[in-house]
Amino acid sequence: MIRNFLENWRSKQPEGHAAQAESRPEAVLTQSDTSMPEPSLWEPVSQACTQAQLEEAHYSHWCSLIREEPRMHRKQWEFAYILQALHMHDMVEEGRRGLGFGVGKEPLAAVFANRGVEILATDLEADQAIGAGWAETNQHSDSKRLMNSRGICDQDQFDRLVDFRFMDMNRIDRSLHGQFDFCWSACAFEHLGSIAQGLEFLANSVKCLKPGGIAVHTTEFNCSSNDKTVDNESTVLFRKRDFESVERRLRMKGCEIEFNFNLGQQPLDLYIDTPPYRSDDHLKLRIQEYTVTSFGILIRKPAIEDA
């Protein structure tokens with residue numbers, strides 16, 4: 001299906017869109033480091049969504065587990081990236097325990113529970129979600145009921161393995177520190193009020209992990225500037241330098257984190273979607289004057305913590 005889409009993509013574009021997709025990458029992806037290899041979904045590090053990853057065979061496998069047909073869409077990639085990153089670190093296994101932040105109505109908790117993983121899913125309380133703009137965009141959950149609406153997991157097993165509580169990602173409950181094999185969030189920490197608060201969340205999320213645990217998060221990445229960006233708004237855009245600063249901070253704590261800033265060179269990597277956004281060919285998009293894509297962050301907590 002993905003292959004057929006790619007073969008027919010050019011012929012279906014309105015006049016001028018194909019030319020835009022073939023425009024010089026430096027004109028729109030100035031933060032792409034093409035000296036790095038294009039990122040692979042099979043062996044993920046901290047990396048951007050790219051066309052090549054959606055062409056990999058196992059991308060369709062993860063789509064089938066969340067009950068979706070594969071399509072060229074960055075939000076679908078975020079779920080596949082999280083699942084693959086955790087799978088490669090043996091986290092999607094019976095007996096593991098995971099913590100989800102800002103889970104909304106996403107299907108990942110149901111996928112984990114279906115594999116025998118115990119999950120604590122969290123989200124903002126309803127009044128806070130409305131104030132932050134999450135409820136209006138259908139990104140908020142006020143219970144665990146809708147997380148299994150696709151019937152991914154047997155309902156009795158889901159009810160037994162998945163718990164839900166309200167929690168603000170800016171104020172993680174200290175009682176959760178050191179309790180989980182992994183934690184995740186899907187496009188949530190860019191909504192915490194500022195770039196500084198988002199980066200603080202990344203560092204704080206690692207505190208919830210057991211030694212050797214894995215944190216996987218996705219967010220918005222500014223592809224076109226390492227200077228100007230969107231900050232102190234309901235949605236912020238992280239720059240390369242923001243990720244580099246949190247990388248230094250986490251490495252000082254003994255964490256493992258590796259970045260690949262190659263943003264892709266295939267046709268859909270260079271096509272910039274504009275409002276109203278499309279439902280399929282949507283890997284890069286325009287937000288204000290910036291080119292943006294989804295970016296995954298993968299962190300491993302040290303197996304032996306400093307005293």
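Okay, let's start with glutamine 53. Leaving aside residues up to four places away in sequence, glutamine 53 touches Pro39, Ser40, Leu41, Gln47, Ala48, Tyr59 and Trp77. Before I go on, keep in mind that this is a predicted model.

So where does glutamine 53 sit? You'll find glutamine 53 in helix H4, residues 51–55. Its relative accessible area is 0%, so glutamine 53 counts as buried. And its side chain has polar partners: there's a polar contact of 2.8 Å with the side chain of threonine 50, and another of 2.9 Å with the side chain of tryptophan 77.

A quick reminder for anyone new: two packed helices are described by the angle between their axes and the distance between the axes. Here, helix H5 (residues 57–65) packs with helix H6 (residues 74–88) at an angle of about 100 degrees, and the axes are 9 Å apart. Angles of 65 to 115 degrees count as roughly perpendicular, so that's what we call H5 and H6. Which residues make the contact? From H5 we have His58, Tyr59, Trp62 and Cys63, and from H6 we have Gln76, Trp77, Ala80, Leu83, Gln84 and His87. Tyr59 and Trp77 are in that contact, and both also touch glutamine 53.

Next up, helix H10, residues 195–206. At 1.5 Å a residue, its 12 residues should span 16 Å, and the end C-alpha atoms are 18 Å apart, which agrees. Is H10 enclosed or open? Well, 9 of its 12 residues are buried, so H10 is largely enclosed by the rest of the structure. Among the buried ones are Ile195, Leu199, Phe201 and Val206. What do they pack against? The buried residues of H10 pack against strand E5 (180–186), strand E6 (209–222), helix H11 (240–252) and strand E10 (290–300).

Now, salt bridges. How many are there in the whole structure? A search finds 15. I'll show you a few.

Aspartate 181 pairs with lysine 210, with the closest N and O atoms 3.7 Å apart. Aspartate 181 is in strand E5 and lysine 210 is in strand E6, so this pair ties together parts that are 29 residues apart in sequence. Aspartate 181 is buried, at 10% relative accessible area, while lysine 210 counts as partly exposed at 31%.

Arginine 251 and glutamate 247 form a salt bridge, with the closest N and O atoms 3.2 Å apart. Both lie in helix H11, 4 residues apart, which is about one turn of the helix. Glutamate 247 is buried at 17%, but arginine 251 is partly exposed at 44%.

Aspartate 281 is buried, with a relative accessible area of 3%, and arginine 278 is partly exposed, with 24%. There's also a network: Arg74, Lys75, Glu78 and Glu220 are joined into one by salt bridges that share partners.

Let's look at a loop next. Aspartate 168 is in the loop between strand E4 (162–166) and E5. Buried or exposed? Buried, with a relative accessible area of 13%. Its side chain makes a polar contact of 2.5 Å with the side chain of arginine 171, and a polar atom of that aspartate 168 side chain lies 2.9 Å from the backbone nitrogen of asparagine 170. Aspartate 168 is also 8.3 Å from threonine 122, C-alpha to C-alpha, although the two are 46 residues apart in sequence.

Most residues other than glycine have a negative phi, and most peptide bonds are trans. Now see what we have here. The peptide bond from proline 275 to proline 276 is cis, with omega near -5 degrees, and proline 276 is in the loop between strand E8 (272–273) and strand E9 (284–287).

Which residues have a positive phi? One of them is aspartate 90, with phi near 60 degrees. Aspartate 90 is in the loop between H6 and strand E2 (97–100), and counts as partly exposed at 42% relative accessibility. Another is cysteine 187, with phi near 50 degrees. Cysteine 187 lies in the loop between E5 and H10, and is buried, with a relative accessible area of 5%.

That's my tour. Thanks, everyone!

Conventions:
Residues are numbered from 1 along each chain as its sequence is written. This is a predicted model: local features need pLDDT of at least 70, side-chain atom pairs count only at pLDDT 80 or more; totals for chains, interfaces and linings use all residues. Side-chain values use heavy atoms; hydrogens and water are left out. Helices (H or I, at least four residues) and strands (E, at least two) are DSSP runs, numbered from the N terminus. The expected span of a helix is 1.5 Å times one less than its number of residues. Buried means under 20% relative accessible area, exposed over 50%, partly exposed in between (1.4 Å probe, protein chains only). Contact means heavy atoms within 4.5 Å. A polar contact is a pair of N or O atoms within 3.5 Å; within protein, one must be able to donate a hydrogen and the other to accept it, and residues adjacent in sequence count only if both atoms are side-chain atoms. A salt bridge is a side-chain nitrogen of Lys or Arg within 4 Å of a carboxyl oxygen of Asp or Glu. Axes are lines fitted to C-alpha atoms, for helices over the stretch in contact, and angles run from 0 to 180 degrees between N-to-C directions. Angles under 35 degrees count as roughly parallel, over 145 as roughly antiparallel, 65 to 115 as roughly perpendicular and the rest as oblique.
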